[in-house]
Amino acid sequence: MKSTRDTIYDELRHRLTAGRYPQDASLVPLALSEEFAVSRTPVREALALLERDGLLVSTRRGFAVRQRSDEEMLELFELRAVLDALLASSAAVRRSPVDLARLDALLEHAGTLDDPGQIRRSLNEWHDTVRAAAHNATVSSLLHTVDAQVKTSAPWQTRTVEDTFDATLAEHRAITEAIREGDGETARLRMLEHHEHDRDTRIRQKVRRDTGGGLPAG
């Protein structure tokens, strides 16, 4: 059973990676303890963990969303792509029939959905399944943190790019096929290409948002 601290941590992490907080938001322990109806101790502990993860920075009043330079953001995108590609390559060698069945089911389910938010959740679960299929907990844990830093710096925005999910679903299917065939190098290269497209889309959306032309994150 999750502790109060971990429950609050998970919820705040979700909000941060989904772009729920504006760049100038201030996360104040007292206000959050009132919102969650708990004491300030588990709230402070959760905020400290999020700071450790590189998602927040401490301020005089509480915590603020960590802002990153363009160069830092590109470095995070590069690191995430390399780590995810490594895990895709490992998954091609180590995946089980159950892993493949889960990957297929998630893509089939995503293809039946119309809501952008639901599609992204299904595809995020697909990525989690690839990482689990690699059976490398150390790299997966590091990627979990880097992924959150990327999403907090440049959260995905829905309804801003036409046909986004047709192309994205095709990329996910191509990676799945490489994993199914046990072709680690092809899985690695296809995952790198997928992340390159995701990076470019997120950057375009972030620029539009920063200049007042974007939509809320989805």
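## Helix packing and selected residues in a predicted model

The crossing of helices α2 and α3 is right-handed. This description rests on a predicted model. Helix α2 covers residues 29–36 and helix α3 covers residues 40–52. Their axes come within 9 Å and cross at roughly 115 degrees. On the side of α2, the contact is made by P29, L30, L32 and S33; on the side of α3, R40, V43, R44 and L47 take part. Sorted by class, the residues of this contact are five nonpolar, one polar and two charged.

### Loop residues

The loop between α2 and α3 contains A37. The phi angle of A37 is near 60 degrees, a positive value in a residue other than glycine. A37 is exposed because its relative accessible area, 67%, is over 50%.

A positive phi is also found at H135, where the angle is near 55 degrees, and this residue too is not glycine. H135 belongs to the loop between α6 and α7. With a relative accessibility of 51%, H135 counts as exposed.

D115 is placed in the loop between α5 (97–111) and α6 (116–134). Is D115 buried, exposed or partly exposed? At 37% relative accessibility, D115 counts as partly exposed, because this class holds the values between the limits of 20% and 50%. The side chain of D115 reaches the backbone nitrogen of Q118 at a distance of 2.9 Å. In sequence, D115 and L142 are 27 residues apart, and their C-alpha atoms are 30 Å apart in space.

### Helix α7 and K151

Helix α7 comprises residues 137–153. It has 17 residues, and the distance from its first C-alpha to its last is 24 Å, close to the 24 Å expected at 1.5 Å a residue. The buried residues of α7 are V139, S140, L143, V146, D147, A148, Q149, V150, K151, T152 and S153. Which elements cover these buried residues? The cover includes the helices α1 (4–17), α4 (70–94), α6 and α9 (184–210), together with the strand β3 (63–65).

K151 lies in helix α7. K151 is buried because its relative accessible area of 16% is under 20%. Leaving aside neighbours within four places in sequence, K151 is in contact with L16, T17, N124 and R202.

### R15 in helix α1

R15 is located in helix α1. Its relative accessible area is 10%, and R15 is therefore buried. Where does the side chain of R15 make a polar contact? The partner is the side chain of Y21, at 3.0 Å. When residues up to four places away in sequence are not counted, R15 touches R20, Y21, E35 and F36.

### Accessibility of the residues discussed

The table collects the accessibility values given above.

| Residue | Relative accessibility | Class |
|---|---|---|
| R15 | 10% | buried |
| K151 | 16% | buried |
| D115 | 37% | partly exposed |
| H135 | 51% | exposed |
| A37 | 67% | exposed |

The remaining entries are placed in loops: D115 between α5 and α6, H135 between α6 and α7, and A37 between α2 and α3.

Definitions and conventions:
Residues are numbered from 1 along each chain as its sequence is written. This is a predicted model: local features need pLDDT of at least 70, side-chain atom pairs count only at pLDDT 80 or more; totals for chains, interfaces and linings use all residues. Side-chain values use heavy atoms; hydrogens and water are left out. Axes are lines fitted to C-alpha atoms, for helices over the stretch in contact, and angles run from 0 to 180 degrees between N-to-C directions. Helices (H or I, at least four residues) and strands (E, at least two) are DSSP runs, numbered from the N terminus. A crossing is left-handed if the near helix is turned anticlockwise from the far one by less than a right angle, and right-handed if clockwise. Contact means heavy atoms within 4.5 Å. Ala, Val, Leu, Ile, Met, Phe, Trp, Tyr, Cys and Pro count as nonpolar, Asp, Glu, Lys and Arg as charged, and the others, Gly among them, as polar. Buried means under 20% relative accessible area, exposed over 50%, partly exposed in between (1.4 Å probe, protein chains only). A polar contact is a pair of N or O atoms within 3.5 Å; within protein, one must be able to donate a hydrogen and the other to accept it, and residues adjacent in sequence count only if both atoms are side-chain atoms. The expected span of a helix is 1.5 Å times one less than its number of residues.
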